[in-house]
Amino acid sequence: MALQASPFPNGFVAGVHTVGWAFILPCFWFLDRLIAVCKSTTLERTQRLEQECYLHPLKVFFGSIVFFILFLATAPLAFLGFLLWAPLQACRRPFYYHRETPSPPEKEIHRGFELVGKASFSFATANLCLLPDSLARFNNLGHTQLRASAIGQRIVQGVCRPHIRIFVDSPSSCGTLSPSNSILPTVNTATYGATDRQPQPPGRSGHRSAPRALLSQGLRQQDDVPWEVSSLFPADIDILCLEEVFDKRAARKLTDVLKPVFGHILYDIGVYACQPPCRCSSFKFFNSGLFLASRFPVLEAQYHCFPNSRGEDALAAKGLLSAKVLIGQNQKGKRVVGYFNCTHLHAPEGEGEIRCEQLNMVTKWICDFQAANSLPDEDVVFDVLCGDFNFDNCSPDDTLEQNHCLFEEYRDPCRAGPGKEKPWVIGTLLEQPTLYEDDINTPENLQRTLESDELRQQYICPPVPAMGTPLVYPEAGQPWIGRRIDYILYRENSISKRCRTEVEEVTFITQLAGLTDHIPVGLRLNVTMDSDSADE
């Protein structure tokens with residue numbers, strides 16, 4: 001679909017929607033505060049014990065009364081707003097598109113292919129649990145708006161640092177890798193808290209290729225996959241996918257912080273109200289929670305809502321977002337593009353059939369999107385699928401999903417086979433009650449904990465046993481992994497035939513310690529195109 005800033009067809013409809021939401025918001029906010037004042041995080045409870053605060057019961061008692069009265073008082077206005085808001089969802093496009101003031105074209109594209117025929121691309125995914133504050137507290141996370149700003153600032157801090165790799169010659173080299181030359185838009189220096197964001201000059205595209213062997217401090221290689229646990233987001237991330245950005249105000253805060261770095265952002269992705277329109281079979285109170293930030297221009301984007309959600313998951317419009325981005329040109333002047341897909345699957349344990357149906361839909365929707373938007377004069381250099389799949393590759397309870405045919409199409413660099421992770425893999429789902437423990441409450445502490453085979457077992461969620469079967473894990477001689485439900489996959493049979501893809505780095509990121517209950521994951525792909533590829 002054509003990308004427009006507003007999801008509404010014209011200014012009048014957008015204005016009526018704004019009025020309707022303005023009527024709903026006060027009632028919604030008072031209800032949110034009513035629940036939040038009664039639900040504390042473990043961090044807040046610890047702080048009250050340290051401060052010997054005896055006023056909290058009074059705060060809960062009187063706060064509940066006040067917010068409940070205000071909720072009742074604004075309910076009639078909210079009902080009127082609902083009558084304006086709900087019908088308009090039938091004509092709403094499924095996302096907002098923010099594009100920064102266009103900069104010179106060379107700063108929005110990747111010139112590696114045009115000059116040397118090779119480049120590296122970096123991707124990251126993270127589940128942020130940016131629900132309304134009251135609901136986030138059930139995951140032991142509060143202060144959604146403050147967390148959104150802090151998350152954005154930490155991401156910017158990580159991706160704006162220089163990407164430095166130390167390369168050394170090795171007799172075992174089996175190819176070449178060039179350092180990342182992603183183009184970073186120039187931004188003005190700004191201060192967020194105690195951290196200065198350092199603008200980075202555009203990378204030089206014509207550099208000499210470096211030998212294949214290795215690697216920067218902290219980066220390890222095992223099973224032919226370089227990997228690391230990093231306290232910072234990888235430098236020069238090209239495309240960032242976030243999940244559970246359900247709160248609209250939080251999405252706008254993230255957009256404001258990230259837009260100097262990522263010039264193309266899709267947010268508030270999803271549908272609302274009765275879906276399909278005019279039918280009451282499934283009412284969506286929340287959007288999909290997906291959020292996409294890209295350095296590259298987004299040429300096309302399409303969203304699909306899963307029709308088979310059940311229970312509390314059916315209240316949110318979880319689904320798939322597919323995007324086609326413009327990378328640049330190759331040596332023959334042919335347009336170079338990439339495909340990026342992000343999703344968030346059904347959450348409850350023991351319902352693998354639903355997730356498998358959703359994986360079937362994901363596979364079909366991606367193929368349909370690429371078939372509808374591929375052009376004969378383009379070269380495709382990457383096809384990536386990422387997100388929170390809500391199943392792992394080590395739990396007996398997830399056997400059905402682990403054997404899905406999606407993993408025959410897309411490669412998972414962390415996966416040794418169905419139900420078996422590679423020995424260096426680290427789980428990505430944290431135990432919620434322990435989020436504020438000293439061992440994991442800062443990026444540096446969480447990094448040290450994850451690097452300890454014994455210590456991380458206390459803080460990463462363990463595998464889920466099959467129903468009625470006791471869990472024996474791990475098997476003798478095997479490492480303890482933990483639940484990895486956040487994935488970045490890539491596909492090679494859908495890219496141009498003369499392109500060769502190599503995993504340059506897999507990263508488990510601890511920079512959001514204390515701000516979410518997931519560990520973000522990064523993937524850097526090195527793509528080399530044969531010099532005559534544009535002739536085909």
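Hi everyone, let's start with the surface: the chain exposes about 22600 Å², and carbon and sulfur atoms supply 57% of that. Those areas come from the Shrake-Rupley method with a 1.4 Å probe, and for residues only the protein chains shown count as cover. Please keep in mind that this is a predicted model, where local features need pLDDT of at least 70 and side-chain atom pairs count only at pLDDT 80 or more, while totals for chains, interfaces and linings use all residues. Residues are numbered from 1 along each chain as its sequence is written, and side-chain values use heavy atoms, with hydrogens and water left out.

Now the overall picture. The chain has 536 residues, and 55% of them are buried; buried means under 20% relative accessible area, exposed means over 50%, and partly exposed is in between, with a 1.4 Å probe and protein chains only. Its secondary structure comes to 11 helices and 22 strands. Those are DSSP runs numbered from the N terminus: helices are H or I with at least four residues, strands are E with at least two. Take the contacts, meaning heavy atoms within 4.5 Å, between residues at least 6 apart in sequence: 77% of them join residues at least 24 apart.

On to the empty space inside. Rolling a probe the size of a water molecule over the atoms shows where empty space is left. How many cavities of 30 Å³ or more does a search of the whole structure find? There are 3. A cavity here is a set of points, on a 1 Å grid over the protein atoms alone, where a 1.4 Å probe fits but cannot get out; lining residues have an atom within 4 Å of a point. Grid points are joined across faces, edges and corners, and a volume is the space filled by probe spheres set on the points.

The largest cavity has a volume of about 50 Å³. Its lining includes Asp-412, Pro-413, Cys-414, Arg-484 and Tyr-487. Two elements give two or more residues to that lining, strand E20 (486–490) and strand E22 (521–529), and E22 gives the most, with 3 residues. By type, the lining divides into 7 nonpolar, 1 polar and 2 charged residues. Nonpolar covers Ala, Val, Leu, Ile, Met, Phe, Trp, Tyr, Cys and Pro; charged covers Asp, Glu, Lys and Arg; the others, Gly among them, are polar.

What about cysteines? The search of the whole structure finds 0 disulfides, a disulfide being a pair of cysteine sulfur atoms within 2.5 Å. Cys-129 is buried at 0% relative accessible area, whereas Cys-305 is partly exposed at 23%.

Next, some backbone angles. Asn-140 has a positive phi, near 65°, and is not a glycine. Asn-140 sits in the loop between helix H5 (133–136) and helix H6 (144–159). Ala-273, in strand E11 (residues 273–274), also has a positive phi of about 65° without being a glycine.

Let me finish with Ile-366, in helix H8 (residues 352–373). Is Ile-366 buried or exposed? Ile-366 counts as buried, because its relative accessibility is 1%. Leaving aside residues up to four places away in sequence, Ile-366 touches Leu-320, Ser-322, Asn-341, Leu-385, Tyr-410 and Arg-491. Ile-366 and Leu-321 are 45 residues apart in sequence and 8.9 Å apart in space, C-alpha to C-alpha.

Notes
1 Å grid on protein atoms, 1.4 Å probe; cavity = no way out; pocket = protein on both sides within 12 Å on 5 of 7 lines; lining within 4 Å.
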